[in-house]
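Please look over the model shown here and the report that follows.

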Amino acid sequence: MDNIASYPELVPVFQDIETIIGKDTYDMWLRPVHFVYENNTLKLSLPNQFWGQTIRERYHHIITDAFLKHLGVNITVIYEITPQTPTVTPIPKPNPVIKKNTFVSRLNSSYTFENFIESPSNRFAYKAAQAAAHKMGARENNPIVIYSSPGLGKTHLLHAIGNEIVKTNPFAKVLYMSGEEFVSEYIEALQNKEAESFRKKYRTLDCFLMDDIQFVSGKEACTQEFFNTFNVLFESRKQIVLSSDRTPQQLEWDERLSSRLLSGLPVEIKRPNLETRIAILRQKRDSINFDIGDDVLAFIAEGVQTNVRELEGSLFRLVAYCGMHGIVPTISIAQELLADILVTQRDKSINVNSIKKVVGKHFNIKMEDFNSKRKTQSVAWPRQIAMFLTTELTDLSLPEIGREFNRDHSTVVHGRDLVKEKIDTDPFFTAEINQIIAEIKSVDKV
Ligand code: ADP
Ligand code: MG
């Protein structure tokens, strides 16, 4: 994309692609490529067959999805081999501000506060992120640790903080990076004996945004390096915002680091409620400018409860399908197209035995334990989970479920409610339950 400067409207599209496939991969395969974009056709000039094949096989869908997401168009990609194209062209000239501020280039400008829907489930995280951007380094907001199960907006908020800061101060040294990148860059620096310059780079920052810090934990040398960097920045009152898919307590870092992390502002993002899911879908629809009714959006929002990434993915899938066939989306099309994702209220094909089998395997308990009188927690809790899943996934009545577990129906109600309560308060548990449900469904399909 060496001539991206001629197509400013495509900058967010390619930034998104870069975020998805990673900077190194992008630099390798896409950045040097010259292209023409007109009439919804992206023509790529490639130096050889191999290059074209690699992009086609690995990144074709990512590219077309990104165009659809940002511009609402289904593009055609043409792979043209033009051997005279130099295999490595210089990185395009950034505009003068970016040129001076190399840190900013890692920010994805399509993630902003403006296009993040605030809701009760993310309010604290949203407010904390805004505070970090507007009052950089203030003691009460430092460090911020945003945690949640995947797909709920952590990465979005981290980029939004960075974008907001450079909006008012284009020269601020704001660095976004993932825990994975930190680890691999540190290892590379060690191999090249450049640990010192690695250190210097980080320690001059004004704001350090590190995504998915769980990748750093468990790797001794990296954790130490991260801890040192963290301390230097923290002590010089620089803003630190971290994200993790585990709670700070679950990160299993040494006590000093854990207590430092907890001394700031740990904030959790929970799963969005129905109204929020609808609001998010509306916003995405408006941003891609595709004609899709509120009833269809409400239907998707009702059926996709796991996380925002899946919610968005479902919408884009429907839009892509209807766009391609030139039809208007309806609930019945959505129902058919998204059948594998939508929460089915009642799935008649699922039976109690497969629920017991999968839950038993997951928690390492025997089939007969589900019906036994044993009350120890290690057996009672999986049994309650299995009862809950039976109420959710089958058509059986409560007394019938009671019989399946050798209990009366009030015990089933009690167990079901305990599990429900945990689902409402613990996103990690919810993720675990979703995984179990997926497994049960796959067992029953066989
Ligand atoms: P995480 O980093 O927690 O896994 P992401 O930040 O990657 O999640 O979010 C997944 C997708 O959902 C992104 O495209 C993001 O823009 C979108 N998203 C998440 N939460 C919201 C929200 N509250 N409003 C608008 N979009 C959101
Ligand atoms: Mg993320």
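## Helices H5 and H6

Helix H5 (residues 123-134) packs against H6 at an angle of about 30°, and their axes are 9 Å apart. Helices (H or I, at least four residues) and strands (E, at least two) are DSSP runs, numbered from the N terminus. Axes are lines fitted to C-alpha atoms, for helices over the stretch in contact, and angles run from 0 to 180 degrees between N-to-C directions. H5 and H6 are therefore roughly parallel to each other. Angles under 35 degrees count as roughly parallel, over 145 as roughly antiparallel, 65 to 115 as roughly perpendicular and the rest as oblique.

H5 passes H6 in a right-handed crossing (the near helix is turned clockwise from the far one by less than a right angle). On H5, the contact uses Ala125, Tyr126, Ala129, Ala132 and Ala133; on H6, it uses Leu157, Ala160, Ile161, Glu164 and Ile165. Two residues are in contact if their C-beta atoms, placed from the backbone, lie within 7 Å. Nine residues of this H5 and H6 contact are nonpolar, none is polar and one is charged. Ala, Val, Leu, Ile, Met, Phe, Trp, Tyr, Cys and Pro count as nonpolar, Asp, Glu, Lys and Arg as charged, and the others, Gly among them, as polar.

## Basis of the model

This is a predicted model: local features need pLDDT of at least 70, side-chain atom pairs count only at pLDDT 80 or more, and totals for chains, interfaces and linings use all residues. Residues are numbered from 1 along each chain as its sequence is written, while chains are lettered from A and ligands numbered from 1 in the order in which they are written.

The axes of H11 (residues 274-288) and H13 come within 10 Å and cross at roughly 45°. H11 and H13 are therefore oblique to each other. Their crossing is right-handed. Arg277, Ile280, Leu281, Lys284, Arg285 and Ile288 of H11 meet Val308, Leu311, Glu312, Leu315 and Val319 of H13. That contact has seven nonpolar, no polar and four charged residues.

H15 (residues 352-363) and H16 (residues 377-393) cross at roughly 145°, with axes that come within 10 Å. This crossing of H15 and H16 is also right-handed. From H15, Val352, Ile355, Lys356, Val359 and Phe363 meet Pro382, Ile385, Ala386, Leu389, Thr390 and Leu393 of H16. The H15 and H16 contact has nine nonpolar residues, one polar and one charged.

## Domains

The chain divides into domain 1 (4-93), domain 2 (97-268), domain 3 (274-337) and domain 4 (352-445). These bounds come from an automatic or database domain assignment. The C-alpha centres of domain 1 and domain 3 lie 27 Å apart. Five residues of domain 1 are in contact with eight residues of domain 3. The domain 1 side has one nonpolar, two polar and two charged residues.

## Ligand 1

Of the 16 residues around ligand 1, Gly153, Lys154, Thr155, His156 and Val308 come nearest (a residue is near a molecule if its C-beta atom, placed from the backbone, lies within 6 Å of it). The shell has seven nonpolar, six polar and three charged residues.

## Backbone details

Most residues other than glycine have a negative phi, and most peptide bonds are trans. The Asn142 to Pro143 peptide bond is cis, with omega near -10°. Pro143 lies in the loop between H5 and strand S4 (144-147).

Asn40 is not a glycine, yet has a positive phi of about 60°. Asn40 sits in the loop between strand S1 (34-38) and strand S2 (41-46).
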